[in-house]
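Work through the following exercises with the structure open. Each task is followed by a solution in steps.

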Amino acid sequence: MAHRFTIGGVFGIIFHRIDCAKNVRRNGDKMDKYSVLLVDDEEEVIQVIMKKINWEGLGFCVAGYANNGVKAFEMVEEFQPDVVMTDIRMPFMDGMELSRRIKAEYPATKILFFTGFDEFEYAKGAVHLEVEEYILKPVNSLELTNVFTELKIKLDQEISEKRNVEVLQKYYMESLPLLQANFYSSLIEGRIREEEISGYLTDYQLSFPGPFFCCLVIHTSSSQVPENMNPLLLATSVHKQAEERLTQKWQAKCFSYLGNTVLIPQIKNENVIAELTDECDRFCKYAQSIIGAVVTVGIGPVCDNILSLSQSYASAREAVSYRVIYGASRAINMQEIVPQETVLSGKANDAELSNLFKMIRLGSEKEVAGAAESYLRHTSFPNKTLQQHHIDMMELISSLYRFAVNNDIMTEDFSEDISKLYRHLFDLEPAAFREWLMHYSQSFREKLIFARNRSTRSFVTKAEEYVHHNYADEDLSLDRICEELGVSNSYFSSVFKKETGHSFIRYLTDYRMEKASSQLIETNEKSYIIARNVGYSDPNYFSYVFKRQFGVSPSKYRREHGEGEN
């Protein structure tokens, strides 16, 4: 069938989302139907396919359709369909490029090509794309039914293998050797001495080429579990998937510790930590989609010595706790949310004091008060000498001071209070000390909340300003802005959308279209010049985006609004 490239085809219906039946697979739950995305620049072809096939009877549901590769990939990112059935020759992004991008970022998605005879041999040559089937136009309903029947069997088998209890038990038995696991556990606990490292590495046949390292803590929720699934077996499956998807690329050591999976990646340079964060974020979404696990990955700071991994582990484990603020099923990089935070040491880092600091960072006003009361009870046990009581108070004050400095919440009145407190320490009554501790614990909590919000608003504002000054650069992208700000894509995207209500790409497109509409009304420049002025090297794609934004072509927009001005 000859391809037609018409103005109506390109700028007509760009994409359409269809609400599937309620029993389509969601977040790893047991499924009845798989979702399908149809892609062809000729809408009549899509309509024929939709009508010819008994999708529900085959166990599928058409989630939507698009008539070019650009919109199709946007829909794949948003809905993550199980199957994409695409034509090859399309405007803006052809089916080959679309398939390459899908396989790179969503390898579990199945690809079907349906195309004309003249493109069939060309399509079959792309074996590296792992295409499930090649279907010649015009589409035959019997052939298409057979294809999707076989594909349903294959999809069911893959999901079954992921959830099969016997397979999960086998994964559990194939965990790392006991000696290696004990060594890794001792390493992150800080119980390995420097002079012992060489002997351990030799005896256990281990290597840490580095040159940089960090700790990842992968936490699997035991309360949000698919029906009839044992939480322990689910965590074991996540462990196995982490081994398969993360260890090879990052040369990571993987082991279980305190109910979580811990990874120690080898990092070539400190600048790739944003890439690692984004990959962990994709892993969380994969685990939820395929095996129904709610996973949070905490990422600790980078270090250049494996003996420092205990501090990285402590930060990574604390990062997992921040899921109560930032949400689960995502990666949380401790350096992004609390970049100046350090781990306390010595006697001030006992359990009660650590809990107080944790509540100051994460808890409610009531929880902070409770943690402070608990610490006061802990330091007021009977039969304690006056000297020990004074030492305990001095250690607390010193620890609060370090906490304030490390979290950039120091205030002049707090510094002055410390000086007064030390001078009058021996005369301070318990009630006055309690009031002082309660006041500054709550004050620190409020300042941390304000600092987090201010930091978030600050880099969102910087991103907006960068767009205002660089919107004409056609290479401006999400990767570019994250590189400028020094944060990972996943963290930036979630914060930007939370603050503005839009994705970064949506904001950039809206701003460019605003500038383009102004130039159309206020100048006599040709459309292709205006397209270049606002960051589009392809005038056809500029026209497509403009019409999607305003509902009319640039030339018609100029005529309508120009006449209105006159």
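**Exercise 1. Two helices**

How are H9 and H13 oriented to each other: roughly parallel or roughly perpendicular?

Solution. Before starting, note that this is a predicted model, in which local features need pLDDT of at least 70 and side-chain atom pairs count only at pLDDT 80 or more, while totals for chains, interfaces and linings use all residues. Residues are numbered from 1 along each chain as its sequence is written, and side-chain values use heavy atoms, with hydrogens and water left out.

Step 1. Locate helix H9 at residues 178-189 and helix H13 at residues 309-321. Helices (H or I, at least four residues) and strands (E, at least two) are DSSP runs, numbered from the N terminus.

Step 2. Take the axes, which are lines fitted to C-alpha atoms, for helices over the stretch in contact, with angles running from 0 to 180 degrees between N-to-C directions. The two axes come within 6 Å and cross at roughly 85°.

Step 3. Apply the classes: under 35 degrees is roughly parallel, over 145 roughly antiparallel, 65 to 115 roughly perpendicular, and the rest oblique. H9 and H13 are therefore roughly perpendicular to each other.

Step 4. Find the contact (heavy atoms within 4.5 Å). On H9 it is made by Leu187, Ile188 and Glu189, and on H13 by Leu309, Ser310 and Tyr313.

**Exercise 2. The nonpolar cores**

Solution. Step 1. A nonpolar core is a set of buried Ala, Val, Leu, Ile, Met, Phe, Trp, Tyr and Cys residues joined through side-chain atoms within 4.5 Å. Buried means under 20% relative accessible area, exposed over 50%, and partly exposed in between (1.4 Å probe, protein chains only).

Step 1. The largest core has 37 residues, and Val467, Phe492 and Phe542 have the most contacts inside it. Among the elements giving two or more residues are H20 (430-470), H22 (489-500) and H25 (539-550).

Step 2. Leaving aside residues up to four places away in sequence, Val467 touches Leu476, Phe504, Tyr507, Leu508 and Tyr511. Apart from this core lies another, of 29 residues, including Cys214, Cys254, Tyr286 and Ile299.

**Exercise 3. Aromatic rings**

Which class of aromatic pair do Phe546 and Phe550 form?

Solution. Step 1. A pair of aromatic rings is described by the distance of the centres and the angle of the planes. Rings of Phe, Tyr and Trp (its six-membered ring) pair if their centres lie within 6.5 Å; planes under 30 degrees apart count as stacked, over 60 as edge-to-face and the rest as tilted. The count comes to 28 aromatic pairs.

Step 1. The rings of Phe546 and Phe550 are 4.6 Å apart, centre to centre, with 40° between the planes, and the pair is tilted. Both residues lie in helix H25, four residues apart, about one turn of the helix.

Step 2. Phe546 is buried, at 0% relative accessible area, whereas Phe550 is partly exposed, at 32%. Ring pairs link both into a cluster that also includes Phe92, Tyr536 and Tyr557.

**Exercise 4. Backbone details**

Solution. Step 1. The cis bond joins Gly210 and Pro211, with omega about 5°. Pro211 lies in the loop between helix H10 (197-203) and strand E7 (212-213).

Step 1. Phe92 has a positive phi of about 75° although it is not a glycine. Phe92 lies in the loop between E4 and helix H5 (95-105).
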